[in-house]
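I've opened a new notebook page for this structure. Here is what I looked up, entry by entry.

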Amino acid sequence: LTLLRPFRNNRCNKKMTTASRKNLFLTALLFRSTSAFLPSYYTKRNSFLPPLAMTKSPPREESAAAKAADAAFAAKGKPLPTLPIPPPLLSTTPGSWAYDTMSRRVDEEILQRTYEENEDEFNTPEFATALANMEALREELRNAATTKLRHLLPLSDEQAKDEERAEEWQQWHDMLNPYVEAGDTWLTAPWMVTEFFVYRRFMEAIGYFDPSNEATFMWDPFVKAKRAGLDTSYASAENLMEKVQALPNTKEGVELAAAFALWGNKMDLSIWPADAANSDVDVFSNVLAAAADNLLHDDFIILANHCETLREKKGGVIDIIVDNAGFELVTDLALADHLVASGVAREIRFQLKSHPTFVSDALEKDLMETIETYAALDESTYPFAKKAGQRWKSYIDNKSWTCHENSFWVQGAAMWEMPDKLSKDLNANCDLAFVKGDANYRRLLGDRYWDYTSPFQDVVGAYFPCPVCALRTLKAEVGCGMDKEQVERASSLDDNWLVNGRFGVVHFGTGV
């Protein structure tokens, strides 16, 4: 593996010599001949941990700084999970997804690909400082095990005048301080903190918030990747939008719309009723049953009952805490479309990222670009998608849909550490919050190793400031609220059940 490393490294762009090819060939043969003796989690592409106990998360070493930070927050007396809070995931275990992410993947895959997609920009005089800073950050990550964390650089006088910027800087300072003072590295501090911090440091490196350089100020290095995701979404969306338009204004309609938002194009639509618009709601039961096949916990009915209560009250205010742009965002818009059209919601508030992060995460501009693009599609090719885009545009125009960016959504804190202003707003004004995606779900759980069967209500519903529904396909090694029998079934069917997105959960919590 050590011999192979230079050849898999994207930074190595020299032509291979004959000797190099021979070494690579011999190394590959050696690995093939010995791989049969290695545990499956070393030889399977998406397996990162040894097989786990059926319902128990594996024990992990605890960070003293994280333990102190938890105690300091608990002393504030704010709502917390009712169960004892486990320690956070670290990135110190070789073979884990966290270790691979922080010690290799962020640098060699994500930042390298970002450089390649924006090579023309990075090699202009205006981007010279950004490129040098990016390389310095990458060098830190190449030595993640020994590079100690540091705070963000001080704000300039002009930046400090921006109240939002100053508040965001202070939030990061307070979050990082226990780990900076403890001398923690990119690997020994909690994974959730460091993974989010990589993207904030990347924004610092390119000068995203620095108005003194017009070329890099508010420049999104992931825009090309997100645009590619949008451009490839139309065909799948056309099929989906035809179905969304025919959803009944019933509990079953809510369940189906939420299932679309969860599974996207993994939904089996081959059994969709031919005349759905004029069909009895019972014909949708097969579609719902198929959507529940790979659910490890299913609160669809509880969600539907809550939405029916809101419909009876002439609609409520519903927040969607958005995850990714591209087709996933389209399914979020489809869910929001049905909630408004069916009378469940009188207003949808999209909670969005305040700066580019995790490559594909959606900002307000990404949502608006998606709406404008769909509204302008060729009607002869994508008639249902175009009509959907036009409806979405009308919702924006009449304020049925509103967009809200907040720095909290791009920070590595547990969601029980939500700032007072945001928490009070959700508590006072939000009747239901949908939490989308894996990173947001990890934050709901504080990125902790809960017992997989620990009730979602005790972990999340006990502290979240309003009723909450989490729609998540499993792509990380944390979870809760899963049915024991379903966990055993999943682990018997797929060694990678925790990380490959095959299985999902629909959780509902009452909030406080």
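Predicted model: local features only at pLDDT ≥ 70, side-chain atom pairs only at ≥ 80, totals over all residues.

**Notebook: salt bridges, buried spots and a charged patch**

I started with Glu 139, which is partly exposed, since its relative accessible area is 39%.

**Entry: the partner of Glu 139**

I looked for what Glu 139 pairs with, and found a salt bridge between its side chain and that of Arg 142, at 3.0 Å from N to O. Both residues sit in helix H7, which covers residues 128–142. They are 3 residues apart, about one turn of the helix. Is Arg 142 buried or exposed, or something in between? Arg 142 has 24% relative accessibility, so I put it down as partly exposed. The cut-off I used is that buried means under 20%.

**Entry: Lys 226**

Next I went to Lys 226. Which side chain meets Lys 226 at 2.7 Å, N to O? I found Asp 220 there, in a salt bridge. Lys 226 and Asp 220 are both buried.

Lys 226 has a salt bridge with Asp 366 as well, where the closest N and O atoms are 2.8 Å apart. Lys 226 counts as buried because its relative accessibility is 7%, and Asp 366 counts as buried because its value is 3%.

**Entry: Leu 363**

I wanted to know what surrounds Leu 363. Leu 363 sits in the loop between strand E3 (345–352) and H17. With 3% relative accessibility, Leu 363 counts as buried. Leaving out residues up to four places away in sequence, Leu 363 touches Tyr 208, Lys 226, Leu 352, Lys 353, His 355, Pro 356 and Glu 405. I also looked at Ala 325, which is 38 residues from Leu 363 along the chain, and their C-alpha atoms are 8.1 Å apart.

Glu 405 came up as a contact of Leu 363, so I looked at Glu 405 itself, and it is partly exposed at 35% relative accessible area. Glu 405 lies in strand E4, residues 401–405. It is part of a negative surface patch, together with Asp 162, Glu 163, Glu 164, Glu 167 and Glu 364. Which helix gives the largest share of the negative patch? I noted helix H9 (residues 163–181), with 3 residues.

**Entry: Asn 118**

Where is Asn 118? I found Asn 118 in the loop between helix H5 (97–117) and helix H6 (119–122). Its relative accessibility is 1%, so Asn 118 counts as buried. Setting aside neighbours within four places in sequence, Asn 118 is in contact with Trp 219, Pro 221 and Lys 224.

**Entry: the whole chain**

Last, I zoomed out. I noted 22 helices and 7 strands in the chain. The chain has 512 residues, and 53% of them count as buried. Of the contacts between residues at least 6 apart in sequence, 78% join residues at least 24 apart. The chain exposes about 22300 Å², and carbon and sulfur atoms supply 52% of that.

Technical notes. Residues numbered from 1 in each chain as written. Heavy atoms only, no water. Patch = residues over 30% accessible without salt bridge, like charges linked within 9 Å, V, L, I, M, F, W, Y side chains within 5 Å. Areas by Shrake-Rupley, 256 points an atom, 1.4 Å probe, with all protein chains shown as cover. Salt bridge = Lys/Arg side-chain N within 4 Å of Asp/Glu carboxyl O. Lys, Arg positive; Asp, Glu negative; His and termini not counted. Charge placed at Lys NZ, Arg CZ, Asp CG, Glu CD. Helix = DSSP H or I, 4+ residues; strand = E, 2+ residues; numbered from the N terminus. Buried < 20%, exposed > 50% of the residue type's maximum accessible area, 1.4 Å probe, protein only. Contact = heavy atoms within 4.5 Å.
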